Amino acid sequence: MAYLIVNAQVWDGENDERYPAEVLIEHNRITAVARGQGQIRRDGAEVIDGGGMTLMPGMVEGHCHLSFVGPARNQDLGEIPPEEHLLRTCRNASLILNHGFTSCYSAASAKLRLDVVVRQEIEDGHLAGPRYRAAGPEITVTGGLGDERKQHMNAESFGMIADGPDEIRRAVRLCCREGVDNVKINISGDEFVSYARAEVTSMTEVEVATAVEVAHEWNKRVAAHARAAASVKRAVRNHVDCIYHCDFADEEALDMLEAAKDRVIVGPAFGLVHNAVFEGEAVGMTREVVESMHLPRKLEATCRTYEQMRKRGMKVVIGGDYGFKITPMGQNARDIGHFVKFFGYSPAEALRCATSVGGELMGHKGELGVIKTGALADMLLVDGNPLVDQSVLVGPDRLAMIMKDGKLHRDPRGRRAERERIAAE
Ligand SMILES: [Zn+2]
């Protein structure tokens, strides 16, 4: 199957500007990109008229939780039986593809096999969903983020609790046995954990080192939850591949990250704190609750840290812990506008975080999240210019075409026919 997309303004995932160009897709790859018109022979390819819209790479969710199906509290996830949980996770997979995310990097699965099973179903062609790098649950220590048990009562959430190197080793091996692509560890606490707040470094040096050693031996990548400065340093020192949050990174932690910027990818996961601080009232999070959790202070810290990340040339991905009640799945692309508004990114820089940087996190550096000859054919046709207004990428309405791996998940010709039909009525 070959498609030729004509009459489009291409933003290619790398440049600062759009340009008029034609793009040829054969099978699942982009095989030609030619500026201007009429440079590519039309024979043999189905021609798609881009209608002057923006053709850009499919977006990459860099901190995705497909199995977070709208809980208000972490332990709500533990109370969902596996059968319902799997179905709801499948729905999220289709939803996020409909919102223009053709790739997702999981930052943890709420139950051990949910991510793995959904990824396989997508890869086998039975379920519409993004390219997916599956994770296991968040490996955490007793009392850390993800341990919702009480002394008198068991409770599950998204955590897998392991203490000491032996248990950590076993937990990582268990995730590997069940088929994850990446392992998640929680090195620091979080505001949402009253007993281990964000600036507590809960996982010890030897526990982190053990998790990374085992995961790397099994050719898995490691992602870490790390808010406290000490936890960021611990992650960098022990060769964690992807370090999330880093809100309270001090000068030394930032220097260490910068020195490792070729091998480390970071992500703020900003959506959750943003929504809690600015939109929490809508879900019953009063101002007092938000203040008592020190969330405004954390938001400030995150903004200062990511201004620095940008200046220091760190590779940063979008993805904001969408999937909680306060951060409904589907709002994910709001992060792009947040990078511009809160961290000082230019629109093109923020869009690169959502495309080409994400492609590298997915393990396809230079061939995913970009539009160029040889790249994987994941693309969107957007009715609007995201270099001017990033909100056009939020929600499915402005996405005229969604192509994943050379296949049309949404065909723009259907949208045009629908519009003509409505206009004629
Ligand atoms: Zn997360």
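I took two strands as paired if DSSP finds at least two bridges between them. Helices (H or I, at least four residues) and strands (E, at least two) are DSSP runs, which I numbered from the N terminus.

**Entry 1. Basis.** I worked on a predicted model, in which local features need pLDDT of at least 70 and side-chain atom pairs count only at pLDDT 80 or more, whereas totals for chains, interfaces and linings use all residues. Residues are numbered from 1 along each chain as its sequence is written, and side-chain values use heavy atoms, with hydrogens and water left out.

**Entry 2. The seven-stranded sheet.** I found an open sheet of seven strands with parallel pairing, in the order S10-S9-S11-S12-S13-S14-S15. Its edge strands, S10 (159-161) and S15 (315-316), each pair on one side only. I then followed S15 to strand S14 (residues 265-267), with which it pairs in the parallel sense over two bridges. Ile-265 has Lys-315 of S15 as its bridge partner. Helix H10 (residues 295-311) packs on this sheet and touches strand S13 (242-245), S14 and S15; contact here means heavy atoms within 4.5 Å. The direction of H10 makes about 150° with that of S14. For such angles, axes are lines fitted to C-alpha atoms, for helices over the stretch in contact, and the values run from 0 to 180 degrees between N-to-C directions.

**Entry 3. The three-stranded sheet.** I noted a second open sheet, with three strands in the order S6-S7-S8 and parallel pairing. Strand S6 (59-64) and strand S8 (131-133) are at the edges with a single partner strand each, so one side of each has no neighbour in the sheet. Neighbouring strands of this sheet are turned by 15° against each other on average, direction ignored. S6 and strand S7 (residues 101-106) run parallel and are joined by four bridges. Cys-64 has Ser-106 in S7 as its bridge partner. Helix H2 (residues 82-98) lies across S6 and S7, at about 130° to S7.

**Entry 4. The domains.** I recorded domain 1 (2-58 + 370-424) and domain 2 (59-361), with bounds from an automatic or database domain assignment. Their centres, taken over C-alpha atoms, are separated by 31 Å. The contact takes 26 residues from domain 1 and 26 residues from domain 2.

**Entry 5. The interface.** The two domains bury about 2,000 Å² between them, 64% of it on carbon and sulfur atoms; buried area is the accessible area (1.4 Å probe) that two parts lose on being put together, summed over both. I counted three salt bridges across this interface, each a side-chain nitrogen of Lys or Arg within 4 Å of a carboxyl oxygen of Asp or Glu. I also looked up the salt bridge between the side chains of Asp-378 and Arg-131 (2.7 Å, N to O). On the side of domain 1 that touches domain 2, strand S5 (54-57), strand S17 (399-404) and strand S18 (407-410) give two or more residues. S17 gives the most, with four residues.
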